[in-house]
Amino acid sequence: MGVQGLKSYIESSNRNYLRSWAFRDNRLIIDGCNLFYSLYFDCNLDQMHGGDYDAFEELIIQFFKNLAACDIRPYVVLDGGTDHTDKKLDTIMKRKQQKINAAYALSIGKTGRVLPMLVNKVFRQLLHKLKVPLVQCLEEADWEIAALAKEWNCPVLSNDSDFYIFNLKAEFLPITHFQWENVSVDRRTNQKFIQVKYFTVGHFCESIKMNADLLPLFASISGNDYVKLPNIKGLEWEEYSVTGMKNTRIDGLLNWLSKFPGPEEAMSVLLKYIDTKEKAIVQEALLNGMEEYKLISGSLAQFFNSNAIPQIALTGPLQVLPKWTLEPLLEGRMSSTIIDALLHQRVFLMSQVENFELPCSSETSRPIRQVIYGLLLLREKQTADKQAISKRYVEEFGRQDLMIRHQKVEAKQTRVMEELQLDTLRKEPHDVRLQVLLDTLGVSSTMLRGIPGALQLQMLATRYWLVNAQPQPCQVHLWGLLLGMVYGKLRSTPKTERDMLFRLKRQTGRRKIYLEEEAAHLYSQWQSCLTWSLNLNCLLCLPLSEPECARLYSGTLVHEVVRELRRGIALESLLMRGSSAEQLFKQLKDAIVSLVGEDFIKKMKTGLERRDAGKTQSGYKGQNQSIDDLSSWFEHLMNEDIDDNDDDDPDWNKRNSMAIRTRHKAKARNAYNPSKKYDRRCFDL
């Protein structure tokens, strides 16, 4: 949800609404989506090159290692599908356009915030590896987090301003003031702790002399993601402000409300200022808005304790989800995209940094999504005479040029899907489920022979990308991608530090990092192909093993490799002769050659002409951490003790709003012209 401006109002340094706390030895409920958004952006990890997932992995490991050092027991809660009532649809559409704007800004060297495509997947995979308790809600997580915090009487960690409204028993810890990087030691007890600032509704309402029951009404009047009120004539909340500082509208509304004993009295006076025609609509909107903040027992405690399926999944609109999907969805092992596709027949595609004169990079992976939609929506068996079943569609929201675009995409079947039903999909033989995946990616089972199981899915997705990407990748793009996989696989092996590839990675933090639009677009296509291949594989109950996504792509390194190859450096010089890196590269190269054929590779353009177009972006330099001990620690600790994207910063959207150029429409018509010249740009760190 989120009340715009409230976070900055409460956290203002000249107010005393936050208190300091040496935090340790406690449960902590973590708003997972807020956490990975905040950590990725606050630590300045790469965005414009498609993400540095290796650095993100190290960051997350260190975060939970520091919690463990302070005996803090985390429980992570992630958002799932969008609300089944669609109350937030307008807000979702607005944010989708803002993300397109931000991605475009980064592509031309300006500032913006774009979360790389695989961050969510990397985060979930890593938490499973660390054995950190994790739940992915079936809908949005805010209310469930608040309900669990009230039930367990323990703090919440988030940056979502709605947690300033929920009347929690315990503390709310804003991520902004959670100093997890600096573990301190109490000299008296020798115990480690993390310095934080916390908020309680009780202290806040006592400070402004207001009944806490009025806070939900305050949020509804202010307007959040669910409530949009018409202008209330005759009331200028700034007139009631007594501070004379920023956020006078919020300050004035709080002061006005504090004069009433409760929400009923305040609403009665407020409605007097509403036109008669709108009075009933406004009253209903306010009541519904206040209802969003009422806390009763949720379902997360039972799932954390015993993996009990929430009742909401067994009744109401969410019954559309097959029962066998509920556990992997709640465990965060399956993408929540299937919830939106099944419930709303609607999917929002992620915006990435790419060439905005070309069609959206997610176009390449659409056939994969169509098969996913077919598995989800074409549930009726065909009749004996093989009559065609009725067509089904999913509305996809992507981009066209620089504007949000939606289009209906037909759900499709492969040849072996005709007799499959979603409700019994997991009971199908392994060979049948595998064949659906292979048919979708355009390969045969014999082509898998000789490729190690751990490499198969990433190689199949890469093969699909090579064959279908537009414009077609050059050899330098393929070698750069494979070398990135080599780096990801071997980066924690000390001996490989001697390799040129690893020296190249270290150099990216000390000099200009180039962004070539062609490479950015192609690698965005690859990430989209990989993401939807992973989602399809998961929906098919993992006929192929799932790769560790953090090890597959390091954006700054991959782009630097492409740049070096185009400068004329020999591919062999990036790998020390006889090293494990050279051996792994040969294995990956042989796998691709076996999938596309030697002639395909020979016919690819080399891409060795020099292209200096680029931009810069600093990366996070972390240190590799062993996670085995940390995994055991969390598993042991949880056995002993089992009883939110800041939407609030008013300046963020202002900083990232921009005038949209319309020149792309004409150029997109010639988007796939192989003779296209790309702009040359270079920006210093």
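These questions and answers walk through parts of a predicted model.

This is a predicted model: local features need pLDDT of at least 70, side-chain atom pairs count only at pLDDT 80 or more, and totals for chains, interfaces and linings use all residues. Residues are numbered from 1 along each chain as its sequence is written, and side-chain values use heavy atoms, with hydrogens and water left out.

User: At what angle do helix α18 and helix α21 pack?
Analyst: Helices here are DSSP runs (H or I, at least four residues), and strands are too (E, at least two), numbered from the N terminus. Helix α18 covers residues 475-490, and helix α21 covers residues 555-567. Axes are lines fitted to C-alpha atoms, for helices over the stretch in contact, and angles run from 0 to 180 degrees between N-to-C directions. The axes lie 8 Å apart, and the angle is about 135°.

User: Which word describes α18 relative to α21: parallel, antiparallel, perpendicular or oblique?
Analyst: Under 35 degrees counts as roughly parallel, over 145 as roughly antiparallel, 65 to 115 as roughly perpendicular, and the rest as oblique. The angle is about 135°. That makes α18, relative to α21, oblique.

User: How many residues of helix α6 are buried?
Analyst: Buried means under 20% relative accessible area, exposed over 50%, and partly exposed in between (1.4 Å probe, protein chains only). Among the buried residues of α6 are D142, I145 and W152. Helix α6 spans residues 142-152 and is mostly covered. Of its eleven residues, the buried number is eight.

User: Which side chain does D162 join in a polar contact?
Analyst: D162 sits in the loop between β5 and β6. D162 is buried, at 0% relative accessible area. A polar contact is a pair of N or O atoms within 3.5 Å; within protein, one must be able to donate a hydrogen and the other to accept it, and residues adjacent in sequence count only if both atoms are side-chain atoms. At 2.5 Å, the partner of D162 is Y293.

User: Is the peptide bond from Q470 to P471 cis or trans?
Analyst: Most residues other than glycine have a negative phi, and most peptide bonds are trans. P471 lies in the loop between α17 and α18. From Q470 to P471, omega is near -5°, and the bond is cis.

User: Is N190 buried or exposed?
Analyst: N190 lies in the loop between β7 and β8. Its phi is positive, about 65°, although N190 is not a glycine. At 62% relative accessibility, N190 counts as exposed.
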